[in-house]
Amino acid sequence: MNLRRGTLVACVLAVLSAVSVSPAGAQEADAPPLERWSFSGPFGLYDTAQLQRGFKVYREVCSTCHSLKLVAFRNLADPGGPSFSEAQAASIAAEFQVSDGPNDKGEMFKRPGKISDNFPLPFANDQAARAALGGKLPPDMSVLAKARGYERGFPWFVFEAFTDYQEGGPDYIHAILNGYADPPAGFALPPGGQYNKYFPGHAIGMPKPLSDGQVEYTDGTPTTVDQYGRDVAAFLMWTAEPTLDARKRLGFQVMVFLIVFTALLYFTKRRVWHAVHHRP
């Protein structure tokens, strides 16, 4: 009995210690604020204009360090995406230099990109990227919006199961781009590190990439860091899930079919069993 009591006490103490440590770990990085996205919820769809602005931010700022190797130029013209025409996508591809070969002399060479090519890497290889960026390898952005995120904990994950919440990645990307600040007193940054209140550990190796007015918009949208972050986060959500619009439309059609089919089954059952229930 004493052994059982001692075991029970040890288990209770372990649970209490885990509960007491958990909040401290959660406070290591502030939780990214929830943002409003056009693609939120079961009926949300991508905003074409926002995707085009996000691509412009990626192209002019992010592409110098971050690759998009799983995306082809032709995808820019796919339905449900930025909705560039094929001619526009081909024109964009031609502005990039793509490695090809070998040629007749057995040598690799550079050529203008074609619409069938994937986005080229910003560096020749990972070692070259690390050498140019202080030993750090910048992540590929193709599926970054799905690979990054955060846990909101109980009870939010219960509600998210019904609201189809899947915007943790864009929320996180937007927060990181807007989370640069001066470090608080007593916070020691590692060499080359930048303080970011939303990054785990608060020390991020990437210098602040955006500033107000850095990328020019032609549609009158504000050229602020907050807007840049929203647009590029939405674009990266599309690169990570380019068929989101089609998936939601198909899901809605399936739900309507199931509702109608269920009603038909119910009334058919009542019709078939009516004679049985009302037999003299």
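Colleague: In this predicted model, does Cys62 count as buried or exposed?
Modeller: The relative accessibility of Cys62 is 12%. The cut-off for a buried residue is under 20%, so Cys62 counts as buried.

Colleague: How far is the sulfur of Cys62 from the closest cysteine sulfur?
Modeller: The closest cysteine sulfur belongs to Cys65. A disulfide needs the two sulfur atoms within 2.5 Å. The pair is too far apart for a bond, because the separation is 9.0 Å.

Colleague: How many disulfides are found in the whole structure?
Modeller: A disulfide is a covalent bond between the sulfur atoms of two cysteines. Cys65 takes part in none, with the sulfur of Cys62 as its nearest cysteine sulfur. For the whole structure, the search returns a count of zero.

Colleague: Which class does Cys65 fall into by relative accessibility?
Modeller: The value for Cys65 is 25%. The class between under 20% and over 50% is the one in question, so Cys65 counts as partly exposed.

Colleague: How many helices and strands are there in the chain?
Modeller: From the N terminus on, the elements run α-α-α-β-β-α-α-α-α-β-β-α-α. The total is nine helices and four strands.

Colleague: What share of the contacts in the chain with a separation of 6 or more comes from residues 24 or more positions apart?
Modeller: The chain has 280 residues, of which 32% count as buried. Its accessible surface is about 17500 Å², with 61% of that belonging to carbon and sulfur atoms. As for the contacts, residues 24 or more positions apart account for 63%.

Colleague: Which element gives the most residues to the lining of the largest pocket?
Modeller: The largest pocket has a volume of about 890 Å³. Of its 32 lining residues, those closest to the centre are His66, Pro139, Ile204, Gly205 and Met206. Helix H7 (168-178), strand S4 (203-204) and helix H8 (225-240) each supply at least two lining residues. With four residues, the element that gives the most is H7.

Colleague: How many residues of the lining of the largest pocket are charged?
Modeller: The lining has 24 nonpolar residues and six polar ones. The number of charged residues is two.

Colleague: How many of the 11 residues of H7 are buried?
Modeller: The cover over the buried residues of H7 includes helix H5 (144-147), S4 and H8. Among the buried residues of H7 are Gly168, Asp171, Tyr172, His174 and Leu177. H7 is largely enclosed by the rest of the structure, because its buried residues number 10.

Colleague: Where is Phe84 found, and is Phe84 buried or exposed?
Modeller: Phe84 is in the loop between helix H2 (48-60) and helix H3 (86-94). Leaving aside residues up to four places away in sequence, Phe84 touches Gln52, Phe55, Leu76, Ala77, Ala89 and Ile92. Its relative accessible area is 13%. The cut-off is under 20%, so Phe84 is buried.

Colleague: How far apart in space are Phe84 and Thr48, C-alpha to C-alpha?
Modeller: In sequence, Phe84 and Thr48 are 36 residues apart. In space, their C-alpha to C-alpha distance is 9.3 Å.

Colleague: What is the value of phi of Ser83, a residue other than glycine?
Modeller: Ser83 lies in the loop between H2 and H3, and at 39% relative accessibility it counts as partly exposed. Most residues other than glycine have a negative phi. Ser83 has a positive value. That phi is near 60 degrees.

Colleague: What is the value of phi of His202?
Modeller: His202 sits in the loop between strand S3 (194-195) and S4. At 13% relative accessibility, His202 counts as buried. Its phi is positive in a residue other than glycine, near 70 degrees.

Colleague: Is the peptide bond from Gly101 to Pro102 cis or trans?
Modeller: Pro102 is placed in the loop between strand S1 (97-100) and strand S2 (109-112). Most peptide bonds are trans. With omega near 5 degrees, the bond from Gly101 to Pro102 is cis.

Colleague: What separates the C-alpha atoms of Gly251 and Phe43?
Modeller: Gly251 is in helix H9 (residues 244-277), and it counts as partly exposed at 30% relative accessibility. Along the chain, Gly251 and Phe43 are 208 residues apart. Their C-alpha atoms are separated by 9.6 Å.

Methods: Residues are numbered from 1 along each chain as its sequence is written. This is a predicted model: local features need pLDDT of at least 70, side-chain atom pairs count only at pLDDT 80 or more; totals for chains, interfaces and linings use all residues. Side-chain values use heavy atoms; hydrogens and water are left out. Buried means under 20% relative accessible area, exposed over 50%, partly exposed in between (1.4 Å probe, protein chains only). On a 1 Å grid over the protein atoms alone, a cavity is a set of points where a 1.4 Å probe fits but cannot get out, and a pocket is an open set with protein on both sides within 12 Å along at least five of seven lines; lining residues have an atom within 4 Å of a point. Grid points are joined across faces, edges and corners, and a volume is the space filled by probe spheres set on the points. Ala, Val, Leu, Ile, Met, Phe, Trp, Tyr, Cys and Pro count as nonpolar, Asp, Glu, Lys and Arg as charged, and the others, Gly among them, as polar. Contact means heavy atoms within 4.5 Å. Accessible areas come from the Shrake-Rupley method with a 1.4 Å probe; for residues, only the protein chains shown count as cover.
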